Amino acid sequence: MELLWQSAEAAVCRKEPGQSSQDEAGGVPAALRALLGGEAYPVHRLDRPAGGAMLCARTREAAAFFSEAIRLGQLEKTYLAALRGVPDAPAGRLEDLLYHDPRRNKTYVVTRKRRGVREAALEYETVAVEAGCALVRVRLLTGRTHQIRAQFAARGLPLLGDGPYGGGKGPLGLWSAELAFPLPGGGRAAVTCPPPQAAPWTRFPAIPAGAGRQGRDGHV
């Protein structure tokens with residue numbers, strides 16, 4: 001795990017694929033506590049097989065601040081997703097009703113509202129196309145469990161390596177590439193975290209370069 005950005009109130013680290021986002025032994029919060037010598041509270045989560053930038057608060061007051069920022073849609077999350085297939089439109093917005101089945105740990109696109117069903121929306125743009133697969137940049141507008149994985153899979157575009165959703169075996173093609181968020185003391189910060197030079201990302205030569213840059217007031 002790599003520390004990408006820190007302040008007195010928060011820290012952003014690079015979560016490794018396979019590492020838990022939960023507050024448990026070996027998870028991101030525990031690793032951050034050991035690294036920083038202080039408290040760390042997860043304020044959002046990444047799927048275990050996904051990697052990339054993850055934000056944690058360093059105080060209870062900051063955790064409450066970021067929880068409210070998430071509720072208000074002020075935490076901007078941008079992902080890279082490697083798709084098995086190519087979207088018909090190079091850019092667009094996906095809107096669905098999603099139901100997450102906790103027993104199967106899988107999310108489904110459904111056609112009507114009922115208990116447990118939540119609205120989901122994202123915007124995407126295609127960055128590169130190679131050998132029938134597409135690299136897309138995704139901006140999450142809602143934060144539902146397995147949202148990116150389920151919404152693209154429902155359109156016949158599962159993420160590479162996403163076996164439960166039809167993407168086959170291998171490392172999951174989902175990476176938290178950028179976080180932008182307000183700061184408790186005012187202003188904003190943005191942190192970028194490009195994926196590693198490993199599968200499935202090496203399939204696409206056009207991934208933006210630069211890692212671990214940090215800034216305030218919207219400047220990376």
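Are W5 and F181 buried or exposed? Both residues are buried, where buried means under 20% relative accessible area, exposed over 50% and partly exposed in between, with a 1.4 Å probe and protein chains only.

The structure is a predicted model, in which local features need pLDDT of at least 70, side-chain atom pairs count only at pLDDT 80 or more, and totals for chains, interfaces and linings use all residues. Residues are numbered from 1 along each chain as its sequence is written, and side-chain values use heavy atoms, with hydrogens and water left out.

Confidence is given as pLDDT, the predictor's confidence in each residue, from 0 to 100. The protein chain has a mean pLDDT of 92. Of its residues, 93% reach 70 or more. Helices (H or I, at least four residues) and strands (E, at least two) are DSSP runs, numbered from the N terminus. Over residues 209–220, pLDDT stays under 50. For this stretch the model has 33 contacts beyond four places in sequence, a contact being heavy atoms within 4.5 Å.

Aromatic pairs were examined next. A pair of aromatic rings is described by the distance of the centres and the angle of the planes. Rings of Phe, Tyr and Trp (its six-membered ring) pair if their centres lie within 6.5 Å; planes under 30 degrees apart count as stacked, over 60 as edge-to-face and the rest as tilted. The structure holds four such pairs. One of them joins W5 and F181, with ring centres 5.4 Å apart and planes at 80 degrees, so it is edge-to-face. W5 lies in strand β1 (residues 2–6) and F181 in strand β10 (residues 174–182), so the pair ties together parts 176 residues apart in sequence. The ring centres of Y124 and F152 are 5.8 Å apart and their planes stand at 75 degrees, so this pair is also edge-to-face. Y124 belongs to strand β8 (residues 117–130) and F152 to helix α3, so parts 28 residues apart in sequence are tied together. Y124 and F152 are both buried. One aromatic cluster is formed by W5, F65, F66 and F181.

Charges also sit over rings (NZ of Lys or CZ of Arg within 6 Å of the ring centre and within 35 degrees of the ring normal). K106 lies over the face of Y165, 5.3 Å from the ring centre. R114 lies over the face of Y99, at 5.1 Å.

V191 is found in strand β11 (residues 188–192). Its relative accessibility is 0%, so V191 counts as buried. V191 and V12 are 179 residues apart in sequence, yet 7.6 Å apart in space, C-alpha to C-alpha.
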